[in-house]
Amino acid sequence: MTDLNIAKNNLSGHTLCLCKEGHCLYSDLRGIAPIMQLMAHSTDLRGYSAADTVVGKAAAMLFARCGIASVYAKTLSESARRVLLKHSIPHSYEQLAPQIRNRAGTDMCPMEKAVQHTDDLDEAYILLQRQMQLLHTTA
């Protein structure tokens with residue numbers, strides 16, 4: 001069984017499952033928080049396969065930046081698909097969405113807005129760090 005299949009099979013009850021050589025990391029945090037948290041702790045994610053509930057451009061850029069080998073998403077945005085294709089990351093999904101919406105469903109997800117005008121992975125990481133800080137200070 002591949003790492004991606006293991007991650008996909010272990011996603012139930014979690015928002016993110018990363019798997020490499022049978023070793024799995026899980027998170028129940030929402031949005032991009034799980035991958036941002038792992039990156040903040042300098043966790044080496046190169047070669048891991050990721051199964052995620054929702055993957056938008058922000059998450060796809062983070063996955064590409066940290067060397068994720070393959071991605072499965074229950075819902076994948078069209079812009080995320082373009083990022084994964086650009087970085088030659090094999091991926092699969094259940095549903096392809098035009099865009100990822102905010103939790104209220106009234107507008108584009110704020111993380112997607114933060115990276116909508118960049119294709120630079122390092123710049124995206126900085127923009128997403130700022131956006132997360134902004135959201136936490138206004139919450």
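**Figure 1. Helices H2 and H3 run roughly parallel to each other.** The model is predicted, so local features need pLDDT of at least 70 and side-chain atom pairs count only at pLDDT 80 or more, while totals for chains, interfaces and linings use all residues. Residues are numbered from 1 along each chain as its sequence is written, and side-chain values use heavy atoms, with hydrogens and water left out. Helix H2 covers residues 33–40 and packs against H3 at an angle of about 30 degrees. Their axes lie 10 Å apart. Axes are lines fitted to C-alpha atoms, for helices over the stretch in contact, and angles run from 0 to 180 degrees between N-to-C directions. Angles under 35 degrees count as roughly parallel, over 145 as roughly antiparallel, 65 to 115 as roughly perpendicular and the rest as oblique. Helices (H or I, at least four residues) and strands (E, at least two) are DSSP runs, numbered from the N terminus.

**Figure 2. Side chains between H2 and H3.** H2 passes H3 in a left-handed crossing. Left-handed means that the near helix is turned anticlockwise from the far one by less than a right angle; right-handed means clockwise. From H2 come Ile35, Met36 and Met39. They meet Leu62, Phe63 and Arg65 of H3. Contact means heavy atoms within 4.5 Å. The residues of this H2 and H3 contact divide into five nonpolar, no polar and one charged. Ala, Val, Leu, Ile, Met, Phe, Trp, Tyr, Cys and Pro count as nonpolar, Asp, Glu, Lys and Arg as charged, and the others, Gly among them, as polar.

**Figure 3. H3 against helix H4.** H4 spans residues 78–86. The axes of H3 and H4 come within 7 Å and cross at roughly 15 degrees. The two helices are therefore roughly parallel to each other. Their crossing is right-handed. H3 contributes Lys57, Ala60 and Met61 to the contact, and H4 contributes Ser79, Ala80, Val83 and Leu84. The residues of the contact of H3 with H4 comprise five nonpolar, one polar and one charged.

**Figure 4. The five-stranded open sheet.** The strand order is E2-E1-E3-E4-E5, with mixed pairing. Strands E2 (23–27) and E5 (91–97) stand at the edges. Each has a single partner strand, so one side of each is left without a neighbour in the sheet. The twist averages 10 degrees from one strand to the next. Helix H3 (residues 57–65) packs on the sheet and touches E1, E3 and strand E4 (70–77). The direction of H3 makes about 165 degrees with that of E3.

Figure 5. E1 (residues 16–20) pairs with E3 (residues 49–55) in the antiparallel sense over four bridges. E1 also pairs with E2 in the antiparallel sense, over five bridges. Two strands pair if DSSP finds at least two bridges between them. E1 and E2 form a hairpin with two residues between them. Glu21, in the turn, has a positive phi of about 50 degrees.

Figure 6. The protein chain has six helices and five strands. The C-alpha trace spans about 40 × 30 × 30 Å along its principal axes.
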